[in-house]
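Biologist: Let's go through this model piece by piece. Start with the helix packing, then turn to the strands.

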Amino acid sequence: MLHLDVPALGKLVLALALVASSYTFALSLASVRGGIGLLVGARKGLYATSALVTMGVCVLAYAFLTHDFRLIYVERYSDRSMPWYYLLASLWGGQDGSLLWWTCLLCGYASAFTWMVGGRHLRLQPIVLAVLSSIVAFFLLLQLYSANPFATYVGDPPIDGSGLNPLLQNYWMMIHPPSLYMGFVGWSVPFAIVIAALITGRLNEEWIHLARPWVMVSWTFLSLGLLLGCLWSYEELGWGGYWAWDPVENASFMPWLVGTAYLHSAIIQERYAMMKVWNVFLMCLTFFMTIFGTFLTRSGLIASVHSFARSDIGNYFLVYLGFLAVVSLALIVYRLPDLKGRRDIVSLKSREFAFLLNNWILLAIMVIVLFLTVSPLLSEWLRGEEVTWGAAAYNQIVAPFGVVLLLLAGLGPLIAWRKMTGKGLLRAVAMPTAVGLVVVLLHAIFGGALERPAVVDVSRIFDTRAGDVFAGFLGVAPVLTTFSVFFVIASVLQEFHRGASARRRSKGEGYLRALGRVSFRARRRYGGYVVHVGVALMYLGFAGAAWDQEFEAALRPGATMQAGSSHTLRYLGPRMELDPEKRMVFADLEVLEGDRVVATVSPAKYIYRAAPESPTTEVSIRSRLKEDLYVILSAIDPETKRAIIQVKVRPLVLWIWLGGILSLLGSIFAMLPDPKQAARRALEPRALRPALASILALALSLGMAGHAHADSGSSSLHAGSVTIEDPFERELFGRLLCQCGACERLPLDTCVCGWADDKRREIRERLAVGESAEGIVSSYRALYGVKALAVPPDEGLDRVTWALPTALSVLAIFAVVAVGRRLKRKGAAPVEARPASAANDDLDARVDRELAALEDDE
Amino acid sequence: MTATLPTFFIVFAGLSLAVALVFFFQSLHAVLTHAAVGDGLEEDGSVKRSELLDRKRALLESLRDLRQDHDAKKMDDEDFAGLEEAIRAELRDVLRAIDERVERKRDAIEALVRGEKR
């Protein structure tokens, strides 16, 4: 084994990379005036920077694999018992290493862009390289001065490390963070492109075309990262849910929302040269939100289950955010005269206007989530007291916007570009509406008998009229979602059918052949429709949460418990296994349908060698299309073999994963390169490589996800195995947050720490002597402050926190309609009839030939 | 696997360093010698051509969508005729611009060929 001075080597490599990125930045800027030698030098400089950062990652990986505990980072996130794959995953398990990993991915993207763009876009290219190398330099500076993964202990290094958090020792952690980072970091490239367009004034469709593949790749990876995050939460955290509106989750969700808005509005600029200012703004905002999300995650300013430790790194990000905002806005304002569209909206009954509405909804959701996420900070600054907005508040406030967004996902494909007649619109929506209504009718008739009622009772988050409105909407959300889901599916199927039928008529092909050809030849359009269906299926899964059921029982071997009307579980007994890292105690249970055993589930407790005092709980999940059986081992007595088993019946959860996979497949389909177009542009296969590489990477990630899922159906738990006597008790505990100081944002109905146990016992005693729930909540608030409530009361500043963004979002619809009307007036100007001439006839004939060729070989 | 992985990473680190050095020297060489374009950089004028081709394709796709929407009876004939003419007019302009560019190029190429023959 080599004996390298890893700390010194690592620091040296980071310093060299910083020098190289600064050199690249300087050369790129110098080449703006047309120095081709300088541009070539900048391109090579960027490759050199990337190679150095890759070397840094390799050196850190080497340190992990050789247990070099001189490095603080290696000591904190690994130990000698960890297998090699978790040692490598530790690279991004903590703040400092994940920043290095982030920089490496950014260099990968920058190099891929440089390679792909080759000698094209010579005006934009120098600025793009300068922006990208400046971002690389910023991250390297952060590592060298604030979060150095190669920092060492002053005294003797420890013999063994502290080990990676058991929650992170999971297969999802091997792929979830890299996917998410790929999604986050990828937006740097389109951002650099738009900044280059703003600086050079080349604001036509060139930058949109250049950015498109990078936008698609980033959006797809971000979607994959979010989906894998949900899976990790569902399988690993063990509370039975997949999305808790934790600030770190929101940090990933907000750029996704803005990026999705951009994906739609960019199509309008490509087709009709409209909405140029808006697209430039959205792209800058998307990148801004990725950095803002990183700031939220890494500053530690906002309490989160899985944020990094509080550090001064937040200050650097804050300065950088300010810089980004000032520069982006200044450039947009400076270029406003050049950002005028060539066309305007012709009619409000047009797909362009539907896209405007889609943008409005997505941004409205983003603004609301942003307000609620940063409200703890705002509240602390304004009145010296923190607040917390729990998942229930987010669910109830965001749900109405979510349902409207889903309806638009169905409506958009049905509406014509430019202008649609009222009769045409009615004709287009008739069948999907009929399908949605029939399903709603069936749901209303049979839902109750199937334990899936169309309307449900929902607890109010506020004791005010607003609370009634929100709870009322969420109560009818199941039936609205059912209608919207089937409306979307029917509308997309109708569009596929219409496309295929039109082609069959014009080309005389068979139906299936026409369907295949029309889909493949307009991949972006039909790929997008598939994404819509995937999202609709995900909504179906989200709606399933309305019918969740929970059961708990203490069982001895041979005893059975009933979980809902269709599940019986028989406890067989405990089983123990050992590996070098941990001791595992399983409780084996058979799942019965009638007298027939249909499955075996084995929830477990893991006792890690590094942390024997806090055993983790491994859930066991039996997934079916109809529902998931989510089984948790709350406690087990090794002597009596008595086990406390908690079972959660989670309807339709599998549809979330299926819908997510379908969405990803749809976006991969939309990204499939067009060999003929590439050939026409004389780019040869070079242009196809990055797209193919991205698709391959995505397919690999999906494959790994599928494989990982098949490997095991269990995972560990930090919350969730809490004995709850009845729904009233659950609701009360759900309103109060644990105040032990370590369990961030966990309500008492899921927190398993000792403090929460004591508090639950105390509250039960108070309930037993007749104290009211309201009285208990009031005294809890008086004792610990408003931050101890899962949802703050609907009064004062807290009311402003939710009411202001919601009101603004609702009012914004008027602004959107006003903008649409204004554009419509401008766009309605009659087209000047050009005098017929032989030259025009010739050109028209060429247009017809080109159009026929497009339809034939697109 | 566990034994060979550290060696793999340290060898890969060494290779990365070598690659970085090679690129750095290539970069310096290009800057100092103002090297002629060596990696396929095309002349700036071709950007314009690709822009025109992109615009042409976008307009053709718009026209195709418009026709599909009209075929699906989503818009009436009068609206369709007006909108189609607007897109066709822009397409004609783009085609003219492409033709003019080709003519300019043709002159330049012919002049070049004549010069070489001489």
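Modeller: Keep in mind that this is a predicted model. In it, A:M216, A:W219, A:L227 and A:Y234 are among the residues of α9(A) that meet α19(A). On the α19(A) side, the partners include A:V653, A:W657, A:L664 and A:M671. By class, this contact has 15 nonpolar, four polar and no charged residues.

Biologist: How do the axes of helix α9 and helix α19 of chain A run, roughly parallel or roughly antiparallel?

Modeller: The axes come within 10 Å and cross at roughly 165°. An angle over 145 degrees counts as roughly antiparallel. Therefore α9(A) and α19(A) are roughly antiparallel.

Biologist: Is A:H209 buried or exposed?

Modeller: A:H209 lies in helix α9 of chain A. Leaving aside neighbours within four places in sequence, A:H209 is in contact with A:E270 and B:D54. Its relative accessible area is 17%. Buried means under 20%, so A:H209 is buried.

Biologist: Which strand does β9(A) join through nine bridges?

Modeller: Strand β1 (residues 549–555) of chain A has seven bridges to β9(A), and the two run antiparallel. There, A:E550 stands opposite A:K648. The nine-bridge pairing is also antiparallel, and in it A:A635 has A:I644 as its bridge partner. That strand is β8(A), residues 627–636.

Biologist: Which residue in the turn of the β8(A)–β9(A) hairpin has a positive phi?

Modeller: Six residues lie between the two strands. In the turn, a phi of about 65° belongs to A:K641.

Biologist: How many residues of strand β9 of chain A are buried?

Modeller: The strand spans residues 643–651. It is mostly covered. Of its nine residues, the buried ones number eight.

Key
Residues numbered from 1 in each chain as written. Chains lettered and ligands numbered in written order. Predicted model: local features only at pLDDT ≥ 70, side-chain atom pairs only at ≥ 80, totals over all residues. Heavy atoms only, no water. Axes fitted to C-alpha atoms, helices over the stretch in contact; angles between N-to-C directions. Helix = DSSP H or I, 4+ residues; strand = E, 2+ residues; numbered from the N terminus. Parallel < 35°, antiparallel > 145°, perpendicular 65-115°, else oblique. Contact = heavy atoms within 4.5 Å. Nonpolar A, V, L, I, M, F, W, Y, C, P; charged D, E, K, R; others polar. Buried < 20%, exposed > 50% of the residue type's maximum accessible area, 1.4 Å probe, protein only. Pairing = 2+ DSSP bridges.
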